[in-house]
Amino acid sequence: MDILVIGSGGREHAIVRKLRESPRVGRLYCAPGNGGIAQDAECCPVNAMDKEGMLALCKEKAVDLVFVAPDDPLGAGMVDYLEAGGFPCFGPNQKAAQIESSKVFSKNLMKKYGIPTAGYEVFDDPAKALAHIQSQGKYPAVIKADGLAVGKGVIIAQNQEEAAAAIRSLMEDKIFGDSGSRVVVEEFLTGPEVTVLAFTDSKVLYPMVSSMDHKRAFDGDQGPNTGGMGTISPNPFYTEEVAKTCMETIFLPTMEAMNQEGRPFKGCLYFGLMLTPDGPKVIEFNSRFGDPETQVILPRLKTDFAEIVEAVVQERLSQLELCWSEGPCACVILASGGYPGSYEKGKEITGLDQHGQAPGVTVFHAGTTCENGTFYTNGGRVLGITAQGASLDNALDSAYAAVKSIGFEGSFYRRDIGKTFAKE
């Protein structure tokens, strides 16, 4: 199969590299891709949101399958558009992708079908939203923009002043545009967080191995929320007993709920969970692979990835059995100074070979360009240094050893990814 992967980040690099391992894959394209992805696939300068441009590219390259990886094109109906043009896609159509693109839709879905989640109210009036938070008198309060907001649409307000500022920035200043026209105000849940991604063709659902993301910018879970500063897999809190509960009360009921609503979900369904004292509850759904979770999950997959992708598209996932390696995996993100705020681009990266890799690890490129064999920064999250080992300690030691040998002006990284669970 000749395959086109849509997207340009570390997640897409992990997807491309895993597809490359398959003997079923012929030519591999990525649009728009990045400097690192260009070492593993032919990158094409088409914006991920450009439907007409993507369809023209599919026709030009005569691809057999398209893997739509990011949330924005899924929410905008990229799958519908390309499939109408005759190109099968891995990823949900627009109606199914609404499970991520609208927080209001997903919360109402969970309420209707009894899927455990935090209590909530929906508001399209800033004054009413603030009055509700005030009347509850409980902090922290969780305020979520309804629509997509580059992973930054959730604000946890510690007091009335922060709640007012959050409502103002989302609903009045519209920092995320129309995504903040409606907000969900929900109760604050406590407990360990777990991410579980699942392959589903709408008929069966196969959970992948679990992972733990580190969202805060700095050590000790301090600083602003980011898209993710590192991940480990498996998640130490996700026991077999918890997995069984999640399958029965969350995973399968969600797949069935989407079928009942006439929105069958085909692709990768992401479950962001909180293991509360009252049992597992859903914090969020995503309609695609997570970033940087993909960077620690796909390296552990032993089954042919292209075969799984094709089986999901053709609705015959039940014919496959998925196998995973036991070895834990760790990913440390090397980021640009200033991220997740403003940062400079174009810094030369040292410590990489001509293919953008380093010894003993896999380097997934998130925000890079490559000119004349030299790599430069081109984003907030620049590289994901990923290693697998016999133990979590081994994986972390390898990843951090490589991180110390790779760098660029102003780079920073968290020094405590997975450290709470490493056996010193």
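Start with the second largest pocket, which holds about 280 Å³ of space. Here a pocket is an open set of points on a 1 Å grid over the protein atoms alone, where a 1.4 Å probe fits, with protein on both sides within 12 Å along at least five of seven lines; its volume is the space filled by probe spheres set on the points. Select Q136, K138, E186, E187 and F188: of the 15 lining residues (an atom within 4 Å of a point), these are the closest to the centre.

This is a predicted model, with local features needing pLDDT of at least 70 and side-chain atom pairs 80 or more, while totals for chains, interfaces and linings use all residues. Numbering runs from 1 along each chain, and side-chain values use heavy atoms, without hydrogens and water.

Next, colour β6 (120-123), α7 (126-136), β7 (141-145) and β9 (183-186), the elements giving two or more residues to that lining. They are DSSP runs: helices are H or I, at least four residues, and strands E, at least two. α7 gives the most, three residues.

For the contact (heavy atoms within 4.5 Å), show P126, A129, L130, I133 and Q134 of α7 with Q160, A163, A164, I167, M171 and E172 of α8.
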